[in-house]
Amino acid sequence: MNYQAPLAKTVSPYLLWFMIHKSQTGVAVLDFQSRIAQGAEQDSWVSVLLTGLSMHLVVLLMFYVLKHANRGDLVSLHVQLFGRGLGTLLNGVFLLYLLLLVCYQLITYSQVIQALVFPDMGTWRIGLVFLLLFVYITSGGFRVITGTAFWFVLIPSLLIVTLFIPLQYADWRNFLPMFNHSLPEYAYSAAQSLPLYIGVELLLMYYPFIRNNDKAQKWAHIGVMHTYLLYFVFVVATFAYYNMGQLRHSVWPTLGMSKIIQFTFLDRFDYFYIFNWVFVITPPCCLILWSCTRILRFTTRMSGRVSLWATAAVVFVIVAVFHDMLAIDRLGAVVRYAGTSLLFGYIPLLAVCVFIANRFRKSVRDSEA
Amino acid sequence: MRIKSLRAALLLAGTVLIAGCGSDSVINRIRVLVAVGFDREGEMCTGVVAYPNYIHRKGSLAIMKGSGREPKLIMEQFQRQSPRKIRYNKVDSIILSRQIASEGVTVAVNSIERDPALGSNVLLAVSSCSAESIIRSLDRQELENTPFNLVRQNVSDGAVPLSNLYFFLHDFYSEGKDPSMPSLALDKQNQIFIDGYALFKKDRLKLVLNLEEMALFKMLQGKPKIEQLFTYKGEHYVLTVRHGRTRSVPHPGTSPKSMRYDVRLTGSIRNYKGNLLARLPDESRAFAEAIESQIKNKLLALLKKMQAGKLDSLGVGERFRSVERDWQAAAFYREDYPTMDFQVNVVVNITNSGAGE
Amino acid sequence: MAASEPLTIESLGELMALVGKSADFTRITLEAGANRITLSVYSSMADNRQIYEHLMPGLQGMQEKIRDWSALLGRLPFKDMSVETEPKKIAAKLQRGFAVIELAILPAETLLIDISNESLGHRSNNDTENEFAVIGPKAGFVENLEINMHLLRQQIAVPQLIFEDMTLGSLSKTKIVVAYIEGLTNPELVQKMKDRLRGIDFDVVYDSAMLEQVIADESNTPFPLFLTTERIDRISYVISSGQVAVMCDGSPYVLSGPSTFMDFFISPEDYYLPWITGSFFRIIRIMSVFFSLFASPLYIAVLTYHFEAIPTRLLHPIMLSGLHVPFSPVMEVLFLETTIELLREAGARLPAKIGQTLGIVGGIVIGEASVQAALTSNILLIIVALSALASFTTPIFKMANTIRVLRFPLILLSALLGGFGIAVGFTLLLAHLLRLKSLDSPYMIPFYPFRRGNLADSLIRSSYQHTTNRTLYLNPLRKKRYHPNMAKDDIDHED
């Protein structure tokens, strides 16, 4: 049942690690700490880890679902399960979600650049630069995207070393007293940290392009683990560096931490962090654009190139139009909500559907025999 | 064909980008402010800034003054005085006059914190005289002489407690600690010096510690590296603390709640006549005990002084927060802190008393 | 293949009429009654001494006795003699300096005798001037294919070293040799290389560097996709590790592939030095690439947009040196970079000794004067000179040029968008490198796709104990190079 794309287009299974990890970590690393700390405060790292662990379950479900898709991806599975009409509708909804996701990444990062570096630079201009970059990478195909994902996991990881400097200012008593929060508070933090893991659902699109994909699940789990360990490191560093009151007043705690870093040849290391996020958001955005292209190619008659440019154009228009802070906030909320419900609502539902369909088919086959 | 279209798109993008490129601040076209002082004159706020002047003075500092209702408006006024763009991103010292500090710095803190232009290492300090005179004393001085470097040098090798914008904000937003910052003054030679340590209650200046108290304050904070004067048998000696460690232990169970500081100091005595300590081990113990009791009394006095002023600059509240499962800031400062019992244990270890006979 | 063959020759007579127009064509006829021996040769291509010392005496007096070729074949002392009838082949060999002997009694056939002078007009040796190494052999390839094959076979003395030849170029008829080791090199690679070469239709093949561009997987790239080198040790190394080399007559550069990005930063000297020293120099070389690419863009970005990133103590020297410069940093950088490019280009075009002098004089005078005239700042002068220096540490000149060119887009991006532009430029560069392939094998190996086995000899050059395997991406038929214990240089080995 397991479908795999032609061998020349596939990538090694270990790259699944980097793909999964990279598609999950985006702009959220800049500001998630203050959001999750609203619930269980200094204990919210527990929530981050727990939700991270729950991602293993999501990965399991996705692999189960994908194994039963005729062409190994979500779009074909929709059509296969729900028929042409409903399937295409669902694919459209998924496409819309992906578009919003890439817009969310772009707009949020543009806000960082505008607030901290270039106050006069319009969002549309940052968006244009990025989209041209993305189109160039994406037109290189899946292997190039995987390559950027691989490199852009390694390069920004070097920044983790520099966390050592803010940690010299750390007060580890910030974590005390441990576990003095109630269950609803942990739950609130957990709910706030769920959107951190958005992006793993892209596996539903690129699964056929992984060589020996039925045996690659190990790497996906390693990727998820890498993600929540990374978040854990950032949460721990942030909570040690900031106290809760300060965290409440920080918009981008990760960048705030980097501000204390100084070298004899470089003041203001925060620029390094800010521009490193170009590397951080590029692979997930390219992957999303690539997925959009796949969906368009599957559902319409457009060629890959046309659908890529069309997707980029739509994203550009959305990015250029959003000015209002309130609207941007709402966009973020919608994306977070949609992503969360996709991961923890729709994917389990899909698994149930696949399960029932299999049972049904099996019983039909049995009765025929 | 497809490459041509891509190239055309890139070209188009390039021209668009070039056309709209104006947010630059080329370094030799700007005036880089390095130190700012704020005073209050009635309703108005006056600001004095120092910037390195490279055109006439080969980089020694020059002064500008402006006034307005808001720090941002003062900047605008500077802009009108200057042939070059004004950029305050490299400001490393912000001096507030005592008047502003005691009237409350919340507004200033908020605008500083929101401003991404400033780094976290910026020095915040209050001035005993007017901030203007502090900044004016920098006129024609080298860039090196800003208060920032003065304080930093004393933080790493002297008796000044560690403080910068990060620590101020940290304490400012903390529930169990009050912020503090160094206090600066001018001597008769018009030279800036550190004259004490200013303790804030939330955003208001309440108390300024003198130099000796400042050293003791640093000792309680944890990493003392100071000279301490004491008497033994009627004569004055100086203990040079080489290294030391202070541990604070909160006792939430006792009534009233108590807080213990264990201070361990290792140091040497330089001006003791002859290498007496090596020859008389008994004397050395007595010596150490004299130091211990004197330091203990001073530390207790300092703690009582801060307690009486309802100031928790050492973060006693933070310590209790970390050990009590449901610590409430308001209740703690209303009920527990004023009656808290402080204990101090000092252990001094004298290693040598100099190289000569 | 011969779509653009300029002319076709139908008969021997037509050929002789055609070549007779050339001044360097000689035709000697020995007549005796009905029989007649005609010797035709390009005097410019043939060894004239051989004609008059061996060939003519052999032919003299034969014109009466001769009835067929065997009489001549027995008499003449030449290694390569053959009887040909096809005008096309005769023409080809004539061009290469063969003597054509016609007999009046056998009008359709000719005897071709190799008396070509291959060394005429060639250097006999080549000091590896362009890829110099302090340690290691100094002799390199020359313009003569025979000598090159000789040089290579001297280093790889096994019968498995195969030279397969083919002819390329509709006008030049250049002899091309594909070299590989049978039973080691993956036959797929050899086939791919031969297919690519066969697919070429080109008029004159001047140099193997030209071939490189024609057979490259992607032509819209500044990066060289195949390694071209004049060093013998480099080529014998790549052949022995399973690559395919292509030699081209008339070119002292030998091409090899599939190459990776890292190959261009490896100098044979790395292997002649102890591995610690060798690795150190290799790392220096790789770092200098980054320095060369990003130093001046960073200067522009910081001085134009992010001045607060300059430490206060550094502010002083930067301000004082750049205070009176009237241009924006990007203009300043472009001015200096162009100057350096001019110096480099002029130095390359002039005779070696003048070029050197010009480089020094030009560099010092222009640099000093432009600082004096406050057109640039001292610090920038240092940065630009250093990055120019850094770019020349790359052992392969082609790659060094690529790096020099790539700085300009990065400079523009940093001038437009500051640090953001540099990050975008880096991403573009990386994505471009990831897209590249050399003979269908990814250019960025061993970093992506990641090959742990090849890391031992990439960023660092590990000791010979750790490089016992051949580079795996080439899929060589024999994976082991040598036994690690036999290549050890420590005491443990004595068991």
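1. In this note, a residue counts as buried under 20% relative accessible area, as exposed over 50%, and as partly exposed in between (1.4 Å probe, protein chains only). By this scale, C:R196 is partly exposed, at 21% relative accessibility.

2. The structure is a predicted model, in which local features need pLDDT of at least 70 and side-chain atom pairs count only at pLDDT 80 or more, while totals for chains, interfaces and linings use all residues. Residues are numbered from 1 along each chain as its sequence is written, chains are lettered from A and ligands numbered from 1 in the order in which they are written, and side-chain values use heavy atoms, with hydrogens and water left out.

3. Chain C contains 16 helices and 12 strands; these are DSSP runs numbered from the N terminus, with helices (H or I) of at least four residues and strands (E) of at least two. Its C-alpha atoms fill a box of roughly 105 × 65 × 40 Å along the principal axes. Of its 495 residues, 52% count as buried.

4. Over all chains there are 40 salt bridges, each being a side-chain nitrogen of Lys or Arg within 4 Å of a carboxyl oxygen of Asp or Glu. In chain A, the side chains of A:E41 and A:R248 form one, at 3.3 Å from N to O. Because A:E41 lies in the loop between α2 and α3 (44–67) and A:R248 in helix α11 (residues 244–248), this pair ties together parts that are 207 residues apart in sequence. A:E41 is partly exposed, at 26%, whereas A:R248 is exposed, at 56%.

5. In chain C, C:E131 forms a salt bridge with C:R234, with the closest N and O atoms 3.5 Å apart. This pair links the loop between β5 (106–114) and α6 (145–155), which holds C:E131, to helix α9, which holds C:R234, 103 residues apart. C:E131 is buried, with a relative accessible area of 7%, and C:R234 is buried at 7% relative accessibility.

6. A further salt bridge joins C:D217 and C:R196, at 3.1 Å from N to O. C:D217 lies in the loop between α8 (208–215) and β8 (227–229) and C:R196 in helix α7 (residues 187–198), so the pair ties together parts that are 21 residues apart in sequence. C:D217 is partly exposed, at 28%. Elsewhere in the chain, salt bridges that share partners join C:E341, C:R344, C:E345, C:R349 and C:R404 into one network.

7. Helix α8 (residues 211–221) of chain B is largely enclosed by the rest of the structure, because eight of its 11 residues are buried. Among them are B:M214, B:L216, B:F217 and B:K218. At the start of this helix, a side-chain oxygen of B:N210 reaches to within 3.2 Å of the backbone nitrogen of B:E212. The helix is followed by B:G222, whose phi is positive, near 140°.

8. A:S34 belongs to helix α2 (residues 28–40) of chain A and is buried, at 15% relative accessible area. A polar atom of its side chain lies 3.4 Å from the backbone oxygen of A:D31 and 3.5 Å from the backbone oxygen of A:S250.

9. C:Q243 sits in the loop between α9 (232–240) and β9 (244–248) of chain C, where it is buried at 3% relative accessible area. A polar atom of the C:Q243 side chain lies 3.4 Å from the backbone oxygen of C:P258.

Notes:
Polar contact = N/O pair within 3.5 Å; in protein donor to acceptor, adjacent residues only side chain to side chain.
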